[in-house]
Amino acid sequence: MQTIMVYSESGGATKTTSAVSLAAVTAASGRKVVLVDLDPRAAATKWIGVEPKESGLHVGAILGDPDPEGWAEDLAVGSSWFPNLRVVPSARSVSNREADRADHAELRLKTSLMGIDADVVIIDCPNRQGGPLTLSALNAADTIVYAAGATVDGVDGVAGARRSVEQFRTSRKRIGAPDNLHEAGIIVGAVASTVMSRIAVASIEELRETGMLLTPLVPHRTIVQEMRMTQEWYGEYRKGLPVVEAYTKLMKEIVR
Amino acid sequence: MTEASVIKDRPAQLRRRPRPAPDETVDPVDYNPATHTQAAPAAAPVQPEPDPASAGGEQGPAVEAAPATLPATTAEPVSVPEPETAVETAVQAAPAAVAVPFEPQAPAPARQASRASKAKATTNKKSQRREVTFPLSTRVSQEILDLLYDAQENEGVTLRDAIEQGVRMRWGSAR
């Protein structure tokens with residue numbers, strides 16, 4: 001099983017779009033996928049239109065319990081998009097976990113994934129500079145994908161996220177823990193490719209200089225945002241196909 | 001010997017079922033002072049000194065007034081109250097907090113007392129909620145603007161009243 005976290009320290013950097021799209025195209029390829037929505041804003045949960053099986057049984061239950069072994073399997077709910085795509089939903093109260101100072105709370109998400117029936121787990125992270133939620137994802141994941149828009153904020157969000165990851169790795173090395181976190185690269189989403197602004201060009205160049213830029217760049221299509229209102233998969237519409245095509249190519253780079 | 005791959009962690013019937021986080025019903029930004037004053041010492045009401053000037057090195061009445069509100073606050077349940085309940089609690093607590101330290105020296109002005117009681121009466125009745133209004137942003141001629149300001153100044157009507165009266169006179173009421 002591969003666990004991928006999609007991360008940036010900037011808001012609006014296409015984290016949720018990338019996480020949901022990667023989950024959908026991976027499911028479309030026939031793999032069993034579980035998308036873990038770790039963002040208290042619950043944007044991915046709202047987009048896919050899923051509800052917890054029972055009140056309170058979302059990712060906050062996992063993070064709020066000292067022994068959540070195997071709970072991700074119990075909490076994952078099926079989606080109407082693909083039969084092999086399930087979601088561990090999020091909720092606003094997940095934000096309470098950011099004040100949780102319990103010992104080893106950052107290992108609970110990883111513990112909950114034990115025994116899960118999935119080939120790929122994708123974690124949609126909140127835009128936090130470290131902290132319990134980000135640490136939970138870093139401990140659970142073996143692959144990290146940075147998401148960025150072609151903007152100054154997008155570049156800044158990736159730079160900050162890489163700093164957090166570097167600190168996490170340094171801490172792991174200090175205690176002699178294995179370093180199994182693979183940085184797959186940077187996805188640049190919602191790129192207005194027809195008329196690209198100077199800022200967009202400069203931002204993409206700056207991301208390219210990291211040596212981690214994944215291609216192709218994901219083109220901007222209005223239908224992607226529109227689908228958030230209708231809770232549908234944009235891949236079912238002709239106008240969304242260029243975006244699906246880009247994410248499918250990226251998925252082949254990222255998913256083992 | 002049994003292979004490691006078939007060894008299970010624990011019997012299935014002993015596996016813990018998922019349950020919501022203990023603070024699931026607590027909104028992350030819904031700050032409730034009641035929960036923070038539960039552990040506050042001395043729930044007994046504090047009697048203020050009749051003459052603040054004779055207090056010497058002690059703190060003034062404004063500082064002492066703070067614990068006086070504690071009993072009322074700690075009596076609240078720990079759960080997050082409804083917004084209207086919170087308003088009601090605040091309105092009820094406010095006169096006590098103000099009146100206790102200052103009453104010996106000078107009673108609260110009648111105007112303040114009546115305002116407080118009026119606020120309590122109006123904000124707690126669902127039937128008297130504020131009317132729903134909508135912003136109207138448009139440009140008008142200098143003449144109309146002058147007329148509106150004149151009406152506001154001379155007759156004491158608000159801009160909203162002036163506009164609504166004019167519209168109703170010309171086109172009637174939709175109610």
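In chain A, helix α1 (residues 15-28) and helix α10 (residues 241-254) have axes that come within 9 Å and cross at roughly 80°. Therefore α1(A) is roughly perpendicular to α10(A) (65 to 115 degrees). Axes are lines fitted to C-alpha atoms over the stretch in contact, with angles from 0 to 180 degrees between N-to-C directions. From α1(A), the contact (heavy atoms within 4.5 Å) involves A:T17, A:S18, A:S21, A:L22, A:V25 and A:T26, and from α10(A) A:V244, A:Y247, A:T248, A:M251 and A:I254. By class, six nonpolar, five polar and no charged residues take part.

The model is predicted: local features need pLDDT of at least 70 and side-chain atom pairs pLDDT 80 or more, while totals for chains, interfaces and linings use all residues. Residues are numbered from 1 along each chain as written, chains are lettered from A and ligands numbered from 1 in written order, and side-chain values use heavy atoms, without hydrogens and water.

Strand β1 (residues 2-7) of chain A is largely enclosed by the rest of the structure, because six of its six residues are buried (under 20% relative accessible area, 1.4 Å probe, protein chains only). A:Q2, A:I4 and A:V6 cover one face, and A:T3, A:M5 and A:Y7 the other. Helices (H or I, at least four residues) and strands (E, at least two) are DSSP runs, numbered from the N terminus.

Notes
Buried < 20%, exposed > 50% of the residue type's maximum accessible area, 1.4 Å probe, protein only. Parallel < 35°, antiparallel > 145°, perpendicular 65-115°, else oblique. Nonpolar A, V, L, I, M, F, W, Y, C, P; charged D, E, K, R; others polar.
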